[in-house]
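Subject: Structure handover and what was found in it

Dear colleague,

I am passing on the structure that we spoke about, and below it you will find my notes. Please keep the structure open while you read, so that you can look up each residue as it comes.

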Amino acid sequence: MMQHLDMALLSAFVERWQPDTNTFHMPFGEISILLHDVHHILRIPVDGELMGDEASQDTLKSDMGGLVRLSVDAQVGGKWKSKWYDNGAMHAEGLLVRGGELKIKEMEVQCYLFVLLGSTLFVDKSRDRLRPTINLFLKDHRRLTDYAWGAGAPAYLYRQLGVATRAGSKGLCGCLTLLQAWIYEYFPLFRPSQLPQSPDAPRASSWISPRFPGGDEARQRLARYRQLLDELSADDVTWTPYGRDGHTDIPRSLYTGPIRFSDIAEGYDSSCCLRQFGYRQIIPGAMTVPHDQYRPASGSSYIVFWDPWVNQLWDNVAARRLDLDFSSRSCEHPSEIVEEYVDWFLTRSHPRITHPTDGEPQPRPLLVHQVSYDFLLLFQI
């Protein structure tokens, strides 16, 4: 199911992820996965109630037992021979089978959605297990459309990108289809062929992509991608892939504050990425930051603490929305920046990943791949 992902390309972008701002730091400045990107790429709702429900591990475990109508300490049975609930995660494949066995339509739908979301938007590193917190938002089917799934998915992905930047961290999870399709939208240098489709269809399903081999070939691609990214300029970016007004139907994209998926809360600041709205980039103002955080340089431990009052920011749309008319002026070319931006950015980042003496500059192909692509259509309300 994951063969369409180019892990070398994703790894090259992970190396440029800055957890303090939740943006990619490129030679030309910042760029990120914004809420209007999620809307256009996945076609899932960005507006709605922030996904902030939490529960203790004991409550989650009890919920899982209620879902499968069995003791979660028992074995799944059949060919899987493992526990339903193990190390804080729920067995995926067995859950689909169990949903059919219960002969309860509501339970079968709930199990199906649980597996679908856990294999697309909120993917665990194990690939075959599911985060029980997903079920918090599925227990009441009448509320499915109330949630801002399009904010929960990037919040979860931001966190996984942050974890992946830690030394010694292995693997990457989250909605990687969103990340790879986002790269294709903004960076023509890595863009494969694209199929025509309806304007209302998820844009992720239009990209034609191959199965990417691993091993030595993946390591060679990673080295190439690093150098290509080091040589990028702002003019190499498609800053407004959905048109200059691609965000106007998604005012939420101009929000500044934390976005959430259950116990995960990550900062979101649209002022860092004005060029993605078709505006000249200025030096962004102070962003809303966590009260405290524990993000060691190595290992997978990664905790961010926010003050309780920040949960109210999402509902205060008018006060927390960037006003483009005052913060910046529309420009002829979205790659434009104010003169002082470069000096400001270089004091907070570095323009290159590879050492200048490490090899010759790589040739710049028109397209990295011309291939076919099979895409699993993601959950859509």
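The notes below go from the whole chain to its strands, a helix, the charged pairs and the surface.

Please keep in mind that this is a predicted model, in which local features need pLDDT of at least 70 and side-chain atom pairs count only at pLDDT 80 or more, while totals for chains, interfaces and linings use all residues. Residues are numbered from 1 along each chain as its sequence is written, and side-chain values use heavy atoms, with hydrogens and water left out.

**The whole chain**

The secondary structure comes to 10 helices and 10 strands, where helices (H or I, at least four residues) and strands (E, at least two) are DSSP runs numbered from the N terminus. Of the 381 residues of the chain, 54% count as buried; buried means under 20% relative accessible area, exposed means over 50%, and partly exposed lies in between, with a 1.4 Å probe and protein chains only. The chain exposes about 17200 Å², and carbon and sulfur atoms supply 50% of that area, which was computed by the Shrake-Rupley method with a 1.4 Å probe, where for residues only the protein chains shown count as cover. Among contacts (heavy atoms within 4.5 Å) with a separation of 6 or more, 75% are between residues 24 or more positions apart.

**Strands**

An open sheet is formed by 3 strands in the order β1-β2-β3, with antiparallel pairing. Strands β1 (17-18) and β3 (29-31) stand at the edges and have a single partner strand each, so one side of each is left without a neighbour in the sheet. Two strands count as paired if DSSP finds at least two bridges between them, and strand β2 (residues 23-26) pairs with β3 over 3 bridges in the antiparallel sense. Met26 has Gly29 in β3 as its bridge partner.

Another antiparallel pair is made by β7 and strand β8 (residues 264-269), joined over 6 bridges, and here Pro258 stands opposite Gly267 in β8. Strand β7 (residues 256-261) is mostly covered, with 6 of its 6 residues buried. The hairpin of β7 and β8 has 2 residues between the strands, and Ser262 takes a positive phi near 55° in this hairpin.

**A buried helix**

How many of the residues of helix α7 are buried? For helix α7 (residues 176-186) the count is 11 of the 11 residues, so this helix is largely enclosed by the rest of the structure. The buried residues of α7 include Leu176, Trp182 and Glu185, and the elements that cover them include α1 (7-14), β2, β3, α2 (35-42) and α6 (149-164).

**Charged pairs and cysteines**

Side chains of opposite charge can pair when their charged atoms come close. The structure holds 17 salt bridges, a salt bridge being a side-chain nitrogen of Lys or Arg within 4 Å of a carboxyl oxygen of Asp or Glu. One of them joins Asp6 and Arg221, whose closest N and O atoms are 3.0 Å apart. This pair links distant parts of the chain, as Asp6 is in the segment before α1 and Arg221 is in helix α8 (residues 215-230), 215 residues apart. Both Asp6 and Arg221 are buried.

By contrast, Asp216 and Arg219 are both exposed, and their side chains meet in a salt bridge (2.3 Å, N to O). Both lie in helix α8, 3 residues apart, about one turn of the helix.

With a disulfide taken as a pair of cysteine sulfur atoms within 2.5 Å, the count comes to 0 disulfides. Cys111 is buried, with a relative accessible area of 1%, and Cys173 is buried with 2%.

**A surface patch**

Tyr294, Ile303 and Phe305 form a nonpolar patch on the surface, with about 290 Å² of accessible area together. Patches are made of residues with over 30% relative accessible area and no salt bridge, like charges being joined within 9 Å and nonpolar side chains (Val, Leu, Ile, Met, Phe, Trp, Tyr) within 5 Å. Ile303 lies in strand β10 (residues 303-305) and is partly exposed, with a relative accessible area of 39%.

With best wishes
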